[in-house]
Amino acid sequence: AVVSTQSGHLRRAEEFVHRCGRTARMGCKGNALLFLLPNEMAYVNFLSINQKAPLQEYKTEFPVLDSTPKIRKLASHDRDMYEKGVRAFVSFIQSYTKHMCKAIFILKELDMEGLVESFALLKVPKMPELKNRTIELNLSVEVDVEKIPYSDKIREKARLKRLELGPILDKDQKNKRFKNNPSWTKKKEQKVKKEKRKFKKIVAKSKVVETMD
C-alpha cells in the first residue's frame, strides 16, 4: 500500500484529489493523509461537496518527538539540507497564498514562530508574503548561514567560486542589462521617429489621391 502525506495544500482541490488517486494504481491500495489546522476543517466539507471526495478523520495517539534541534544541527553543517528546509518552508507559505480556497486557508492565522520551528530553519527567508510580519527565531546558537558548506566538495568549490566572482558577475550582468535595454529617452526618440515616418506616409498618400483627382 502507498501512503501520501499532504501537509502543504495544492492550489486547486482537483489537484489534491488527483494526487490522492495516484496512491492506488496498478491494482494496489493506497491512502492519503491530510494535515489540517482546527480552523481549516471546512475544507473537509468542501472536498466532499465540490469533488465528491469524502474524508475520514484519522485518530491516533503517539508521542511527539522534538527533532528540531537535531535537524538544525545537521543543517548548520550541510548546506544542501539547509536549502531544502528553506525551499520546503517557502513552498508551504505559497500554498496558502495561491490556494483557491483563501477563505479557508488564511496565512495571517498561521503560527509563524511555530511553523519556522517545525521546519527547523536557521534563518527566515525574505518573502513578499512575510513582508509585514516579525518572526523571531528561537536558536540556541547563532549560525552564519552564508558560511554553511555543502558536504559535496565539488558543489562547495563551485559555491565559493561564485562568491569570489560575485561582484564581478553582478557588474557584468548590470552592464549587459543596460546595454540590451535602451534608456527611456532613447525609446522616446524612437517613438517620435516612428510617428514622423507614419505621418510622412499619410501625407504621401494624400498627395497621390489629390494628383489622381
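Q: How many helices and strands does the protein have, and what makes a run of residues one or the other?
A: The protein has seven helices and two strands. A helix is a DSSP run of H or I with at least four residues, a strand is a run of E with at least two, and both are numbered from the N terminus. Read from the N terminus, the order is β-α-β-α-α-α-α-α-α.

Q: What kind of model is this, and what rules apply to it?
A: This is a predicted model, in which local features need pLDDT of at least 70 and side-chain atom pairs count only at pLDDT 80 or more, while totals for chains, interfaces and linings use all residues. Residues are numbered from 1 along each chain as its sequence is written, and side-chain values use heavy atoms, with hydrogens and water left out.

Q: What is the mean pLDDT of the protein, and which elements have the lowest and the highest mean?
A: pLDDT is the predictor's confidence in each residue, from 0 to 100. The protein has a mean of 81, and 77% of its residues reach 70 or more. Where pLDDT is low, the predicted coordinates should not be read in detail.

Q: Why is E40 called buried?
A: Buried means under 20% relative accessible area, exposed means over 50%, and partly exposed is in between (1.4 Å probe, protein chains only). E40 has a relative accessibility of 1%, so E40 counts as buried. E40 lies in the loop between β2 and α2. Of the 213 residues of the protein, 24% count as buried.

Q: Is E156 buried or exposed, and which residues does E156 touch?
A: The relative accessible area of E156 is 11%, and therefore E156 is buried. E156 is in helix α6. Leaving out residues up to four places away in sequence, E156 touches I148, P149 and Y150, where contact means heavy atoms within 4.5 Å.

Q: What makes a group of residues a nonpolar core, and which members touch the most others in the largest one?
A: A nonpolar core is a set of buried Ala, Val, Leu, Ile, Met, Phe, Trp, Tyr and Cys residues joined through side-chain atoms within 4.5 Å. Of the 29 residues in the largest nonpolar core, Y43, F89 and M112 touch the most other members. Helix α4 gives the largest share of this core, six residues. Not counting residues up to four places away in sequence, M112 touches I93, L107, L130, R133 and I135.
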